[in-house]
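Open the model in your viewer and keep the sequence panel beside it. We will go stop by stop, selecting one piece at a time.

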Amino acid sequence: MHVIPRLQQHKQHKTHPDNPSGMWLKSLRLPPLLQHDGSINNEEWNAEMNLDRLKINGGVALNGHVTINGAKNSALVLMAAAILGSEEVVLENVPRLADVEIMVDVLRSLGARAHFIEHNVLLIDPRHIANSVAPYDLVTKMRASFFVLGPLVGKLGQAKVSLPGGCAIGSRPVDLHLKGLEAMGADIVLEHGDVIANAPHLRGADIYLNFPSVGATENIMMAASLADGTTTIRNAAQEPEIDDLAQFLISMGARIQGAGSDTIVIEGVKKLDKASTYRVMPDRIEAGTFMIGAAMTRGDIILEKCPTHSLMALIGKMRECGVFFDQIDAQTLRVCGPAKILARDARTMPHPGFPTDIQAQYAAMMAMAEGTSLLTETVFENRFMYVDELQRMGAQIRIEGNTAIIKGQPILSGAPVIATDLRAAAALVLAGLVADGETLVANLCYLDRGYESFEQKLANLGARICRIAVKAEKKEEVLLTM
Ligand code: UD1
């Protein structure tokens, strides 16, 4: 069925019976896939259009145990790093997420073999990688595909990777990635929307990053692993995923020191020829999301495989809000919500500061806290898109510049809402857990990119939550009846 005239059809049909507020119209203004010129890629949009919704009936405290999955942000970069190897690698604890599937496709498009040998165990055989071109349609589906640039340049001496466009949380340039590779001798041109890099002799360099970019640090580390000589990255990102990447590369034969600090030294080697089996670190953002869920619902949950040490900024802040934590053993953390959550200001920062990826979830908690708080976003330029949706649930939030001023409310009210990005989706679900009545969260394509079995885990903790699936073949029908 033809897609383009739909917007007109929506105007003619005011509401869908399941959605009397007509909120789908808004969802249609937030397509997940934009073309470089800013227009909607209708074909992709159609394929990705996600009309499934989560239905949540609020008011139940979360109780019980939850096991944290492997970290999405680590798994994606480790998968790209596997390109550098000369032997098969096995990654354990890989979360089953839409983004991981896209990275599997990217690796296959380059000539690698990649498949799951168990539910969370991914085998990657990079021995036959010969293609240095990462296809446009995959890179535009997921920004993290850009991670293949550094490994391809390192291994093959050349790469052509589409320049990722902006996304829902900001313009997200990649200049620091490119400057780093240029400093190592890569010749980089931008042509027809692609980054074309040539570096037959990548050599070590001393690189200072103007901002401790996670992605730039990772891309440079990977390329440097196979460069001639030593590379030093100064003002490097210190996120735990950087150390995970370093440990994985070391297990393949790389020589890296200082990962996790602001100065990383990589001594290039000729080959990464150790067959490695490596376990992806646990997802600190997933863990943080469940911590906030426990606090908001006045619940009492035990997080298994919890990376507590990488969440100290959040835990410290939540303690100030009155939340109780008990470290049961190295990987097990108990979180209990207080009778009243106290409003406390927070400011996102690069690690070890308060993580930007938990900003939206924290805002949901502040929306029901006692008092007023200031929540300042310093990492991304446009990360308050979800605020309008939280306001539909009764949150009182005003944005001034890069700060959200949040006046806590005694009660939030369930409403149909639309996720605007991955962490916004989580924040809306959390708000739904405490809201009065029913909340319907749409645009779940975002949630499925970052949380494996999210609603199942919440349901296991007692939440009244279920997914209303709209089968693919029904989607057109639903759209036309709006
Ligand atoms: C990664 C994470 C993302 C997280 C972010 C910050 C993955 C797949 N994603 O994203 O979930 O929110 O770290 O913790 O790991 N910047 C530049 N030039 C560059 C690169 C970045 O100006 O070349 C700016 C960005 O626009 C942004 C800031 O630096 O304002 C942080 O970006 P960066 O640390 O690179 O984040 P990502 O690696 O994209």
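Two strands pair if DSSP finds at least two bridges between them. Helices (H or I, at least four residues) and strands (E, at least two) are DSSP runs, numbered from the N terminus.

This is a predicted model: local features need pLDDT of at least 70, side-chain atom pairs count only at pLDDT 80 or more, and totals for chains, interfaces and linings use all residues. Residues are numbered from 1 along each chain as its sequence is written.

**The whole chain**

Show everything. The chain has 18 helices and 24 strands. It holds 482 residues, and 48% of them count as buried. A residue is buried if 20 or more other C-beta atoms lie within 10 Å of its own, exposed if 12 or fewer, and partly exposed in between; C-beta atoms are placed from the backbone.

**Stop 1**

Select strand E11, residues 230-234, and strand E13, residues 263-267. They pair in the antiparallel sense over five bridges. Find Thr 231: Ile 266 in E13 stands opposite.

The four strands form an open sheet in the order E10-E11-E13-E12, with mixed pairing. Which strands stand at the edges? They are E10 (206-208) and E12 (255-257). Each has a single partner strand, so one side of each is left without a neighbour in the sheet. From one strand to the next, the twist averages 15°.

Next, select helix H9, residues 214-225. H9 lies across E10, E11, E12 and E13, and runs at about 170° to E11. (Axes are lines fitted to C-alpha atoms, for helices over the stretch in contact, and angles run from 0 to 180 degrees between N-to-C directions.)

**Stop 1**

**Stop 2: two helices side by side**

Select helix H4 (residues 72-81) and helix H5 (residues 98-110). Their axes come within 10 Å and cross at roughly 5°. That makes H4 roughly parallel to H5 (angles under 35 degrees count as roughly parallel, over 145 as roughly antiparallel, 65 to 115 as roughly perpendicular and the rest as oblique). Show the side chains of Lys 72, Ala 75, Leu 76 and Met 79 in H4, which meet Asp 99, Val 100, Met 103 and Leu 107 in H5. Residues are in contact if their C-beta atoms, placed from the backbone, lie within 7 Å. This contact has six nonpolar, no polar and two charged residues.

**Stop 3: a hairpin**

Select strand E8, residues 187-191. Are its residues buried or exposed to view? E8 is hardly covered: the count of buried residues among its five is zero. E8 pairs with strand E9 (residues 194-198) in the antiparallel sense, over five bridges. Leu 190 has Val 195 in E9 as its bridge partner. The two strands form a hairpin with two residues between them. In the turn, His 192 has a positive phi of about 50°.

Terms used. Contact = placed C-beta atoms within 7 Å. Nonpolar A, V, L, I, M, F, W, Y, C, P; charged D, E, K, R; others polar.
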